[in-house]
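Open the model in your viewer and keep the selection tool ready. Each stop gives you something to select, then says what is there.

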Amino acid sequence: MDLHMMNCELLATCSALGYLEGDTYHKEPDCLESVKDLIRYLRHEDETRDVRQQLGAAQILQSDLLPILTQHRQDKPLFDAVIRLMVNLTQPALLCFGSLPKEPSFRHHFLQVLTYLQAYKEAFASEKAFGVLSETLYELLQLGWEERQEEDNLLIERILLLVRNILHVPADLDQEKKIDDDASIHDQLLWAIHLSGLDDLLLFLASSSAEQQWSLHVLEIVSLMFRDQNPEQLAGIGQGRLAQERSADVAELEVLRQREMAEKKTRALQRGNRHSRFGGSYIVQGLKSIGERDLIFHKGLHNLRNYSSDLGKQPKKVPKRRQAARELSIQRRSALNVRLFLRDFCSEFLENCYNRLMGSVKDHLLREKAQQHDETYYMWALAFFMAFNRAASFQPGLVSETLSVRTFHFIEQNLTNYYEMMLTDRKEAASWARRMHLALKAYQELLATVNEMDLSPDEAVRESSRIIKNNIFYVMEYRELFLTLFRKFDERCQPRSFLRDLVETTHLFLKMLERFCRSRGNLVVQNKRKKRRKKKKVLDQATVSGNVPSSPEELEAMWPALAEQLECCAQNPELGIDSMVPFDAASEVPVEEQRAEAMVRIQDCLLAGQAPQALTLLRSAREVWPEGDVFGSQDISPEEEIQLLKQILSAPLPRQQGPEECGTEEEEEEEEEEEELQVVQVSEKEFNFLDYLKRFACSTVVRAYVLLLRSYQQNSAHTNHCIVKMLHRLAHDLKMEALLFQLSVFCLFNRLLSDPAAGAYKELVTFAKYILGKFFALAAVNQKAFVELLFWKNTAVVREMTEGYGSLDDRSSSRRAPTWSPEEEARLRELYLAHKDVEGQDVVEAILAHLNTVPRTRKQIIHHLVQLGLADSVKDFQRKGTHIVLWTGDQELELQRLFEEFQDSDDVLGHIMKNITAKRSRARIVDKLLALGLVAERRELYKKRRKKLASSILPNGAESLKDFCQEDLEEEEKLPEEDSEEDEEGSSEAEEVQGSLVLSTENLGQSLHQEGFSTPLLWLQHCLIRAADDREEDGCSQAVPLVPLTEENEEAMENEQFQQLLRKLGVRPPASEQETFWRIPAKLSPTQLRRVAASLNQPEEEQKLQPELQPEVPGEEGSDEEHCKEHRPQALRALLLTHKKKGLASPEEEDTVGKEQLKTAPKKRQLLDSDEEQEDEGRNRAPELAAPRIQKKKRFQIEDDEDD
């Protein structure tokens, strides 16, 4: 659709508004509805803003809306609707399109809307329109807050927004072509505001405490009013400073006249008195052409000075992304009457409104009641009005609200934020740079005001200035701010004006700091440094074995919760395999070599309690690396997956920082095998101004200053002075003239010295001659100085240029790694060839252990091996990851066969590790033996001890059951390393107190009988005897769970005293939350089971036993007759119970067994008197002491020592 042809519905709506006859506007009856329809059309316009463009082309605002506004103000509904429509039509083009369009078609629409807005601004430049707005606003402000309705507040806000929109429209410089001191459209608008009295209403809104809700609107309007003004020039209007302006203009004209006269004189000297039509051709000796011959010049000699090899060439086009940022803010002098009005407005604003308004706006910003980026108006107002106050009649009390350390902190915080956003948000870098420039101007004006306070005759003002400076110079962030801005200056985003303000602000800050240091003598400032805490890097698995992320106890406590989550998730075989990628595709490390890192990621997920993620990552890794079954086989069961994850959780995985890279020998020494954890440490130190100035002695800062110096002809005299002062500080005060020994700087000096108006830049000329003199003095000593002109230099290169090449190496020789002697290289080659083929050994670690020369680091040895040609690359020495793999079926059968072969030996685990084919760590083998059920507890794999016969110590007193159990606990807590150091002892330790174990349970059993646990005790006897029978029949033993099937047995298993009896009988409690039932250990032989079962008989049955029946019990160990007599009644009792269950027992048999028991019992009881006394004393406390003992029983992992 052609936007110049209005839509028929839109045309009909506009026709229904009314018509203008002469100066009178006649509205139609449907005028209000038509205005509302236009608002509705604007709400539904497309992305090209077609409705807005059609209304602008038809000039609806100029021909209809403004006449309605001025002539039909009494019709309040119509007036409100027109204000709404005008606010919508005049909103900024950037707000309509969101941002500046880059597509050509949308850029055209954007420019078209901007043209219509400029036409609206010109139409509003009349006293009549602003008179109506000011009258309406005055009537609304007369209403008290209790009388003011919601519609009144909306109308006040819309009027302020309309004024804001009109003032926001940028000027069309190509159309206006106004010079200074001429009235532009913006000046006409300001004059209309002044004549209508709207400026007084703005001052009232800014000063009234009851109208604080409009403070941000007022501040935005004020900032737009003074958009093109210079505060220093405004302050000088009518105060006798016009003479200074005229003198400055005269000086500028004199410079131009001198340059023009010098150019005329040069041209006159170049031409001869007699004109020659033949210019001539000349050969320029020493200047080569394209070939090998000298250059031929076909013009007159007077043109030879302007010759360049670039003549006739097309200039290289600079891409847009590399072009320098353009200046957006343009300052101009308005008409004199407008400037006088603005000066008076500033004075009244400072006296009555500034402190109150700025405090209110700051409160809105801190409480986040403002819109995004509204703090820019705050910073503009701060910079403008403080500069006006400083230039007019300096009164610190008028700007006291913003003259504090808190304001410095607020500006510095925003400046740092803008700086960081400019570096990260590259698409909007230009916008962030403009905001950054506003913050810098505010910071500059704060410093200038504080500096002006030092010159005040009032002692209180000077004291306030001293306090502020003391706080500013103390904090490190304020001192480092300018260095940061210089180092990150980017001329593609930041305009030249930003660099100019940065240079001037830095000059002011250094001048204030230097003066403050001289007045104080010594200055203590805050210093923040990064304290480096060194922590050894992970070298190999042996090093890591003791540095697990958590202790074994914590991992053991953590595992039950993880196991529950894994059991819920493991049943789903397709648990988000594609949701997690186990490798880093962007890493330089090949995917095949990232298995160890994937294992570490799985362990991290488990340590963080993220069991589903760990399981998903495990399955994904299995799909990526199926070879070797590192992450399990493809047909792995869920239980095996959970067991593998448990191994990964407790595995000491190496956590490397990444592949080692090649570097210089100096870097190898400085970057030792340590990672540095940096912590900011705040301290205080005495400030040295020259040390601080040395921070500016770097190429980035010097290049920024030289860039601004290139436009010395356009710079002000103050800007050129700031540039030369800083360069003089670096060259003279720091003795670093060589920082400026650069070819582009010398070209600039050449242009300056050959400038006809060089007399106007005496300071620059003097400095240029000083630098050139220093260079030629150095070139006479150092012939390489001419080559050094091609490069920017740092302080180290400057020192080498001036003090001699190699001086820096002599100073830093102590930091470098020592060189390799031929003997050391021969020893290194010998060690490498001797250890490179040893499996399971780190070659570099072996070399480090045997290289008894100058201390070397791992990286130094690796790089020297590569230099000697013994290795192809540094990657050959990268530490591999863990080798945790699942056990295959053949490996499990081999482990089971080896266990059955060596289970009767003294060191079962040691024999298995020596004979197993797939070498694994001690802990992995123990875990697998437990998982297969071949052993019930880890302590079954400890080395067995040999002691003397029990009969030799029993007469002197047997150990109690409590001591025996305590020994078990202590033995279980001992590490395997301690076991290997002890002497081998016999396996008869358990039988040493077996007899005491049987009789000591009688007291506890009687107590349980009395409490009503007779039935559970019979059930326990039956379970023990049945387990003994099964083990005799099968010939092998496995742990048998005690499953209570009745409620009575289940209650007994939960009783603490019953659990104490089970523990004394040798029954093992659940090892973890995965086990529910108590288990009869596999280590108990059938004879031991029957003996324990016989000790649980009831007292009544013992008295009825008869001694006639004395059958032999199979499997009884020992040939001693007395020993057999002692154990015969116990065996008879067990056999009697078996017969009773089958209904075969007779009263005679019961008497026989009872008499036999009565004969032997006193002999045993003589040995156990102390034990029974302890049991009687502790019987009442048994329930309290039993539970903690269960928790105290810990299970420790058998860790790998030498076989890892």
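Start with the cysteines. The count of disulfides here comes to 0. This is a predicted model, and the count rests on sulfur atoms lying within 2.5 Å of each other. Select C8: this cysteine is exposed, with a relative accessible area of 58%. Now select C353. This one is buried, at a relative accessible area of 1%.

Next, select residues 127–142. This is helix α8, with 16 residues. From first C-alpha to last, α8 reaches 22 Å, close to the 22 Å expected at 1.5 Å a residue. Colour its buried residues: A129, F130, G131, V132, L133, S134, T136, L137, L140 and L141.

What covers the buried residues of α8? Show α4 (60–71), α5 (76–89) and α7 (104–124), which are among the covering elements.

Move on to helix α13, residues 215–225, and pick S223 within it. Is S223 buried or exposed? S223 counts as buried because its relative accessibility is 8%, under the 20% cut-off. Leave aside its neighbours within four places in sequence, and S223 is in contact with Y377 and W380. Show both side chains alongside S223.

Last stop: the surface. Select L743, V787, L790 and F791, which make a nonpolar patch of about 380 Å². Zoom in on F791, in the loop between α35 (785–788) and α36 (795–803). F791 is partly exposed, with a relative accessible area of 46%.

Conventions
Residues are numbered from 1 along each chain as its sequence is written. This is a predicted model: local features need pLDDT of at least 70, side-chain atom pairs count only at pLDDT 80 or more; totals for chains, interfaces and linings use all residues. Side-chain values use heavy atoms; hydrogens and water are left out. Helices (H or I, at least four residues) and strands (E, at least two) are DSSP runs, numbered from the N terminus. The expected span of a helix is 1.5 Å times one less than its number of residues. Buried means under 20% relative accessible area, exposed over 50%, partly exposed in between (1.4 Å probe, protein chains only). Contact means heavy atoms within 4.5 Å. Patches are made of residues with over 30% relative accessible area and no salt bridge: like charges are joined within 9 Å, nonpolar side chains (Val, Leu, Ile, Met, Phe, Trp, Tyr) within 5 Å. Accessible areas come from the Shrake-Rupley method with a 1.4 Å probe; for residues, only the protein chains shown count as cover. A salt bridge is a side-chain nitrogen of Lys or Arg within 4 Å of a carboxyl oxygen of Asp or Glu.
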